[in-house]
Amino acid sequence: MLDLLLLRSFVSIVEEGSFTAAANRLHLTQPAISGHLRRLEAQLGKALLQRTTRSVQLTPDGECLLGYARAILTLNRDAMSQITRSSLQGTIRLGVAEDFAQARLLTTLKSFMGCHPMVDIEIRVGIPGDLVVAMHQGHLDMVLGAQCGEQGTGTCLWREPLVWAWSAQASKELPSPLPLALFPEPCPYREIALAQLAMAGIAQRTAMLCMSGASLHAAAATGFAIAPMPLSQLTPGLVALSSEHGLPSLPDAHIMLVTETSHGEQALLTALADTLLAEMRPTRVPETA
C-alpha cells in the first residue's frame, strides 16, 4: 500500500523543483523529504527521480507514478471532506485577475463547493489593481492575481518567470519600436515591462490594448505584438523570447491571494486559500525561443 506521506513528499518535490523548496512547503526538513523519497523508491523498487546539482527530473517510472499520486491525494482529501461533512458555510466574493479566470481555477472552485455544500463563491473578473481597491471598499473578500518585483502583502500561491511572449513562427529579428500587447492600467505586467524597456533604452509602442487574456494571446500568437505574461500561460504557438533577442529580463511574477482580514468568515477564507495553494500551481514548463 502506498503511503500518503511519501506520495505527498514526492509530488511536492516535483512541483517545487527541489528538495529544499518541497521541505519548506511541507514544513519538514530536507533530510526528511529525501528520506521519504528513498523509502518510496525502495517500496516500489524503481528510481523515480534523476538528481543533479541544479534540478530534479522525473524518470519514466516517476512520470507514471505522478499522475496516480496526485489522484490518490485528491481522492483522500475529497473523502475526508465528505465524511467529516464540512461545517463551513457562507459566501466568498472572489476577485480574479483576467488571465487566471481559466478552466483549472473554475474546476478547483467547483470541487471546493462540492466538498462544502453550504458555501457559495461569487467571482468578479478584472485587473488586480482595480480588484484590490474593490476589496478595500468592502465589495470583495479575496483577490487572486499577480504581483511583480518586490512581493507585497498576501499569501504567495506560487512564483514563476514573467516572459516576453511572441509567435513561434515570427522572425527572430524584432521590429523597432517594439510593438506591445498590454492590459490597461493598473496592471503589474504592464508596469514592469514598460519600466524594464525604458531602463534598457528600447523604444516601444502599445500596438494593442487588451481587455482580455484571449486578445492578449491572439496578439502574441499572430506576431502582431509581443506580450509580457507568466511562463505557464504560454499556449501552443507561443514562445518565450530569450536574452539573445536583446530584451531585458523580467522579474518573477508572484501569484498572490490577498485577503481583507476584516471581511467574511476567516475559517472559510482560510479553507479556500489552502485549497488554491494545493491545486493551482502550474505543472507545465513551456519552451523558450
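The legends below describe close-up views of a predicted model.

**View 1. The largest pocket and the helices that line it.** The largest pocket holds about 1100 Å³ of space. Its lining comprises 36 residues, and those nearest the pocket centre are Arg 77, Asp 274, Leu 277, Ala 278 and Glu 279. Two or more lining residues are given by each of helix 1 (4-16), helix 2 (19-26), helix 4 (60-84), helix 5 and helix 9 (266-279). Helix 4 supplies the largest share, 8 residues. Sorted by class, the lining of this pocket consists of 13 nonpolar, 12 polar and 11 charged residues.

**View 2. The largest cavity.** Rolling a probe the size of a water molecule over the atoms shows where empty space is left. Across the whole structure, a search for cavities of 30 Å³ or more finds 1. The largest cavity contains about 70 Å³ of space. Its lining is formed by Ala 97, Glu 98 and Asp 99, by Gly 126, Ile 127 and Pro 128, by Ala 146, and by Phe 183, Cys 187, Pro 188 and Tyr 189. In this lining, 8 residues are nonpolar, 1 is polar and 2 are charged.

**View 3. Helix 3 and the buried residue His 36.** Helix 3 covers residues 30-44; at 1.5 Å a residue, its 15 residues should span 21 Å, and the end C-alpha atoms are 21 Å apart, in agreement with that expectation. The buried residues of the helix are Ile 33, Ser 34, Gly 35, His 36, Leu 37, Leu 40 and Glu 41. His 36 has a relative accessible area of 8% and is therefore buried, the limit being under 20%. Beyond its neighbours within four places in sequence, His 36 contacts Leu 5, Leu 6, Ser 9 and Leu 28. Just after helix 3, Gly 45 adopts a positive phi of about 70 degrees.

View 4. His 27 belongs to the loop between helix 2 and helix 3. Most residues other than glycine have a negative phi, and most peptide bonds are trans. His 27, although not a glycine, has a positive phi of about 60 degrees. With a relative accessible area of 72%, His 27 is exposed.

**View 5. Leu 105 in helix 5.** Leu 105 is located in helix 5 (residues 103-115). A relative accessible area of 1% places Leu 105 among buried residues. Its contacts, leaving aside neighbours within four places in sequence, are with Val 96, Phe 100, Leu 144, Leu 276 and Met 280. From C-alpha to C-alpha, Leu 105 is 36 Å from Ala 42, and 63 residues separate the two in sequence.

**View 6. His 217 in helix 8.** Helix 8 (residues 213-221) includes His 217. The relative accessibility of His 217 is 15%, so this residue counts as buried. Its side chain reaches the backbone oxygen of Gly 213 at 2.8 Å. Apart from neighbours within four places in sequence, His 217 is in contact with Met 229, Gln 233, Thr 235 and Leu 238.

View 7. The bond from Ser 176 to Pro 177 is cis, with omega near -5 degrees. Pro 177 sits in the loop between strand 6 (155-167) and strand 7 (178-182). Glu 185 and Pro 186 are likewise joined by a cis peptide bond, with omega about -5 degrees. Pro 186 is in the loop between strand 7 and helix 7 (188-200).

Conventions: Residues are numbered from 1 along each chain as its sequence is written. This is a predicted model: local features need pLDDT of at least 70, side-chain atom pairs count only at pLDDT 80 or more; totals for chains, interfaces and linings use all residues. Side-chain values use heavy atoms; hydrogens and water are left out. On a 1 Å grid over the protein atoms alone, a cavity is a set of points where a 1.4 Å probe fits but cannot get out, and a pocket is an open set with protein on both sides within 12 Å along at least five of seven lines; lining residues have an atom within 4 Å of a point. Grid points are joined across faces, edges and corners, and a volume is the space filled by probe spheres set on the points. Ala, Val, Leu, Ile, Met, Phe, Trp, Tyr, Cys and Pro count as nonpolar, Asp, Glu, Lys and Arg as charged, and the others, Gly among them, as polar. Helices (H or I, at least four residues) and strands (E, at least two) are DSSP runs, numbered from the N terminus. Buried means under 20% relative accessible area, exposed over 50%, partly exposed in between (1.4 Å probe, protein chains only). A polar contact is a pair of N or O atoms within 3.5 Å; within protein, one must be able to donate a hydrogen and the other to accept it, and residues adjacent in sequence count only if both atoms are side-chain atoms. Contact means heavy atoms within 4.5 Å. The expected span of a helix is 1.5 Å times one less than its number of residues.
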